Amino acid sequence: MTTSSTAALHSWRVLTSSLKAKVSLQMTLCGGQCFHWHRTPRGTFVGAIGDGVFELREAQCTAKLKKQELRRTASQPPVSTEAKQRHQANAPASTSEAVMGKSDCFSCCWIEYRRLWPLAHPVRLSGKGRTSPLPSSLRPTGASSAPTVGESDEEMLSRYLSLDVDLDKLWQEWTDSPETRRHPLVEYLVGNRLERQFLGSGHDQRVCEHDEAQANLYIPIRHVRQDLHSCLFSFLCSQNNNVTRITGMIYALSRAYGDHLCDVQLATGEVRAPRTSAADWRSKATQRKFQSAAAAIRRDTIAYPSLKPHSSSTNAPEWLSVYSFPSLEQLAAATEDTLRSLGFGYRSKYMVEAVSFIQTQLPPPELQDKKAVEGKMHSPPHLIRQHGACYRNGFYSAVLSHHSHHHQHQRDMLLLLPGVGRKVADCVALFALNRTHIVPVDTHMAQVAVEYLAAPRAVTAVGRKRSRRGCPLPEEEAHSPDNLLLEWRKQAEALKVKKGASPASVKAIGEHGSSAASPPRASRKTPLPPLYERHHNAIQDAFWKLFGNYAGWAHSILFYYRMRK
């Protein structure tokens, strides 16, 4: 019989740097850049970072809570005194917890956090205490992420959420600079900001002192700094997929091959210690072979998290088992058949082959850094904390050693891996290798580029020159970004016609790009032209010229607005 114990939780703490550096937890943790965080019915977020399990939540100050309550009261019909008393008796004890995830009217004032597991990492109240490593006998051997030795929990979370980046300043540079503010794409972003302002908190935006940094009212999406290993294999699962399904696949992979860290009661935040009995560890091999038989280790522990909005129904799952992301050694035990049984489909072959390649191969000598090969290069401490165990692998170490070189070196090494194409390599570079200027390109971004970055007048001139026989265009003019993008749009229009789209739909694409309104069924079934290396380069260069060294961050905010529409 499985033994477990309930652990005494750490209290909630304010993530000090979040008082000025705002962040949307929903869009940052569950918006498509990482896939191992889960939202609870209480509006908090539970996830594993390495071998640690944390819970984060957005909190609001008293002034904002009062104004929110006044607005809620004004919009509701009168309630009897008896009903008010019943409501107060059932309300959560913490005022900040009472509004978690229940209203988007007001931005949060700060982020609060607590460590759920392990609890053997004390952090002194001064904030200057250092995290102590677990004894070797207790430390999980399979954890893939960076160890946090030398960092407090607050320092680690601030680094992980990139709270050191001044997002307010970036937004001002993007939208207020004379060089960019009249650009159609920037006007699109500002238009979404004004819409958010109008639909948000009305005319008076400054509700409390914490709104100073929120004056621009953009959605504060930050990039989490992931380790190379977990980020790479997460995006290997992302091809032809969506965020909900990828999250489920990563959970299945971690449950099958990672270490069980703890169980979390979703409704209350109660935590149970990991399974430690011999029977549990012996059953691990059986779990991997027969996944369907391991739907739940305990009757009240769920095997897969609910990835849809939680309801108040009585049959909703109560417990979430949290696992570490499998290490390279743990993934080596996976077979193609087993991964297919977990729902990875054709990606199973890529996963198995990528693990084998990383374990046995090195990039060719021309892609490796000579100082790293000779052991004369010392990586910066912040990268060691971020990537940790990755430095013990030859392939990963070779990729990371190029942190100060041109990004093409790292991209070329990632493209050696089975199943890794240009977009996956660029996602890994952006979210794990700190290449903040890179914009991963897919058909959504191609449509945005065609609509806002291509200049139709440039193509008109080229078209006239082409009509003159015997006068070939210069190479740089024939392959200019504008011509590449507009040629891609012509191909998209041709595919629409071939698939039987209505003339009105084709005309709308020609006038407004592929974002124009069209029948949903046709838009889902009609294929789009392939994107080649030249298209990726043209779109990335255009974004970089417009948004600079944080073009990848601008892309994330733009992607949110685009998907919301």
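Trainee: Which residues does Tyr-396 touch, leaving out those up to four places away in sequence?
Mentor: Tyr-396 touches Leu-228, His-229, Leu-232, Phe-233, Leu-328, Ile-358 and Cys-390, where contact means heavy atoms within 4.5 Å. Bear in mind that this is a predicted model, in which local features need pLDDT of at least 70 and side-chain atom pairs count only at pLDDT 80 or more, while totals for chains, interfaces and linings use all residues. Residues are numbered from 1 along each chain as its sequence is written, and side-chain values use heavy atoms, with hydrogens and water left out.

Trainee: Which residues touch the most other members of the largest nonpolar core?
Mentor: Phe-233 and Tyr-396 do, in a core of 48 residues. Such a core is a set of buried Ala, Val, Leu, Ile, Met, Phe, Trp, Tyr and Cys residues joined through side-chain atoms within 4.5 Å. Buried means under 20% relative accessible area, exposed over 50%, and partly exposed in between, using a 1.4 Å probe and protein chains only.

Trainee: Which helices each supply at least two residues of this core?
Mentor: Among them are α8 (228-236), α9 (243-257) and α16 (394-400). Helices are DSSP runs of H or I with at least four residues, strands are runs of E with at least two, and both are numbered from the N terminus.

Trainee: Back to Cys-390: buried or exposed?
Mentor: Cys-390 is buried, at 3% relative accessible area.

Trainee: How many disulfides are there?
Mentor: The count is zero, taking a disulfide as a pair of cysteine sulfur atoms within 2.5 Å. For Cys-108, the closest cysteine sulfur is in Cys-109, 6.9 Å away, which is too far for a bond.

Trainee: New topic. What is the strand order in the open sheet?
Mentor: The five strands run β2-β6-β5-β4-β3, with antiparallel pairing; two strands pair if DSSP finds at least two bridges between them. β2 (13-14) and β3 (37-39) are at the edges with a single partner strand each, so one side of each has no neighbour in the sheet.

Trainee: And how many bridges join β4 to β5?
Mentor: Five bridges link β4 (residues 45-49) with β5 (residues 52-59). One of the contacts pairs Ala-48 with Val-53 in β5.

Trainee: Which peptide bond is cis, with omega near -10°?
Mentor: The one from Trp-117 to Pro-118. Pro-118 sits in the loop between β6 (110-117) and α5 (153-160).

Trainee: What about Asn-240, buried or exposed?
Mentor: Asn-240 is exposed, with a relative accessible area of 71%. Its phi is positive, near 50°, although the residue is not glycine.
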